[in-house]
Amino acid sequence: MSSSFTSVHITALDAIVNVNSLFTLAVFIGLTWNPNDPQNSLNTDPSCAPTSTIAQNLVAFHVYSFSSFLFSSLIALALKQAIRLSRSSSSSFHYPHAVEFLAVYINRTALRVGMLVSGAGSVAGCGFLMLALVNVAQIKLGTLACGSSHTLAAVVPLLILVPIALLIYVFVVLYAFTR
């Protein structure tokens, strides 16, 4: 396996883990924050009050997001370690002789599939985080069902910009791994 091939992939895997770490931090902050503030003065219309189902969905989407980011990061870290172990016999990368017997050839197809699976976990995590944010807006500003203009103003850009960014990410990742 060429040196440039593995360094590009290690860099990509590092990027996935770093971005997932930032989003995981956001998910933890979201889970520790109580959106059911009894002094909430942003939503004054009682017909727009959120139900307990919205609050339950908020927590569920945070957990789904966390598990997706964790899955993606663990796959990326495992692939990164496999690349490093496969390079252990080269003179440019040193591991103790005790683990040299673990050195194996990394199949490029398997590496690409693993990276795509890791990327898919990140995309799923972003999708669930977006849904959690929609629920935060509904809890703080009023439900979408009642047609709250403030909620729509907060949610519509979120539902447009995040999927566009995810599509761009998916197309770039697919393009990179078909070359």
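A: **The disulfide in its helical setting**

From the N terminus on, the elements of the chain run α-α-α-α. The secondary structure thus named comes to four helices and zero strands (DSSP runs numbered from the N terminus: helices are H or I of at least four residues, strands are E of at least two). The model is predicted, so local features need pLDDT of at least 70 and side-chain atom pairs count only at pLDDT 80 or more, whereas totals for chains, interfaces and linings use all residues. Residues are numbered from 1 along each chain as its sequence is written, and side-chain values use heavy atoms, with hydrogens and water left out.

A search of the whole structure finds one disulfide, a term that here requires a pair of cysteine sulfur atoms within 2.5 Å. The partners are C48 and C146, whose sulfur atoms lie 1.9 Å apart. The torsion about their S-S bond is about 110°, and the disulfide is therefore right-handed. C48 belongs to the loop between α1 (3-32) and α2 (52-86), and C146 to the loop between α3 (108-141) and α4 (149-178), so the bond ties together parts that are 98 residues apart in sequence. In general terms, a disulfide is a covalent bond between the sulfur atoms of two cysteines.

C48 is buried, with a relative accessible area of 6%, while C146 is partly exposed at 29% (buried is under 20% relative accessible area, exposed over 50%, and partly exposed in between, with a 1.4 Å probe and protein chains only). Another cysteine, C126, is buried as well, with a relative accessible area of 16%.

The structure holds three aromatic pairs (rings of Phe, Tyr and Trp, the last by its six-membered ring, with centres within 6.5 Å; planes under 30 degrees apart are stacked, over 60 edge-to-face, and the rest tilted). One of them, F61 with F128, is stacked, at 6.2 Å centre to centre and 20° between the planes. F61 lies in helix α2 and F128 in helix α3, so this pair ties together parts that are 67 residues apart in sequence. F61 counts as buried at 17% relative accessibility, whereas F128 is partly exposed at 27%.

The side chain of H62 reaches the backbone oxygen of L58 at 2.9 Å.

The largest nonpolar core has nine residues: I10, L13, I16, V17, A76, L79, I83, L111 and M115 (a core is a set of buried Ala, Val, Leu, Ile, Met, Phe, Trp, Tyr and Cys residues joined through side-chain atoms within 4.5 Å). Helices α1, α2 and α3 each give two or more residues to this core, and α1 gives the most, with four. Apart from this core lies another of seven residues, among them I54, A55, L58 and V136.

For the chain as a whole, 35% of the 179 residues count as buried. Residues 24 or more positions apart account for 80% of the contacts with a separation of 6 or more, a contact being heavy atoms within 4.5 Å.

Methods
Polar contact = N/O pair within 3.5 Å; in protein donor to acceptor, adjacent residues only side chain to side chain.
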